[in-house]
Amino acid sequence: KKVYLAIVLACLSFSGFGQTTVNTGFENSGAFPPTGWTTTGSTTYLSAVTSGTSPTASVPGGSYMCRWNSYSLSSGNALLISPVVDWSTRASVPTSVTIWWWRDCASYNSSGYSTEGITAYVNTSASITGATAMGFVPRAGVVSTSGGVTGTATTTTSGWQQYTFTVPTTFNSSVNYIIFKFVSQFGDNCYLDDVVSAAWASWVSPASSWTSTACGECAAALSD
């Protein structure tokens, strides 16, 4: 019994290295922005929707997604700012922000729309001033991602793509903000969903089958 308990505690300590620190799927019964988030700029062009037009897009999971109504805005931008994120215990643990973003090849798919899309920033204040850019993802499929973001750079097929932004290790205090800047060039609408920020130890994979299997065996041993 003592051996089983020791193994259980060890497994729990392993699982503690993977910590989701902030997330939103915009599932707030249509209310926007999500609880704790704020917006600035052309905020009336940001909303939560259940389906997309111009281009046609479906929610990847749940009932709502975020729409940037660039189809109706000749030019301009808006910011979506997260609640405070506490990274004071991350030390040098790799930390990332992932999103799902609709890449559009249906219309307005040319280099003339090279700045229409979303840029992720991180800052120690709820402001774009002094913020650190983590990468840009365009709406148009023909335009390439930039700034270090990982994911499909260009595409010839419309649809959802997942993108990952790396948070610099210098952001390790108790007060941090994730900031998304939306830019319109009067092309099609843009769609965002499933924003997640997670911190992981560099030597433990969040999808490690060894970890999940070992802890599963621990749970079974404890139940015995």
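Strands, like helices, are taken here as DSSP runs numbered from the N terminus, a strand having at least two residues. In this predicted model, Ser184 lies in strand S12, which covers residues 177-184. With a relative accessibility of 4%, Ser184 falls under the 20% cut-off and therefore counts as buried.

The surroundings of Ser184 can be followed through its polar partners. Its side chain reaches the backbone oxygen of Ser70 at 3.2 Å. A polar atom of the Ser184 side chain also lies 3.2 Å from the backbone nitrogen of Phe186. Once neighbours within four places in sequence are left aside, the residues in contact with Ser184 are Trp68, Ser70, Leu73, Ser74, Ser75, Gly76 and Glu116.

Strand S9 (residues 117-123) and strand S10 run antiparallel and are joined by six bridges. Within this pair, Tyr121 stands opposite Ala133 of S10. Strand S10 itself, residues 132-138, is mostly covered, with five of its seven residues buried.

Turning to the whole protein, the secondary structure consists of two helices and 13 strands. Of the 224 residues, 43% are buried. Among contacts with a separation of 6 or more, 76% link residues 24 or more positions apart. The accessible surface comes to about 10,400 Å², and carbon and sulfur atoms account for 54% of that area.

Conventions:
Residues numbered from 1 in each chain as written. Predicted model: local features only at pLDDT ≥ 70, side-chain atom pairs only at ≥ 80, totals over all residues. Heavy atoms only, no water. Helix = DSSP H or I, 4+ residues; strand = E, 2+ residues; numbered from the N terminus. Buried < 20%, exposed > 50% of the residue type's maximum accessible area, 1.4 Å probe, protein only. Polar contact = N/O pair within 3.5 Å; in protein donor to acceptor, adjacent residues only side chain to side chain. Contact = heavy atoms within 4.5 Å. Pairing = 2+ DSSP bridges. Areas by Shrake-Rupley, 256 points an atom, 1.4 Å probe, with all protein chains shown as cover.
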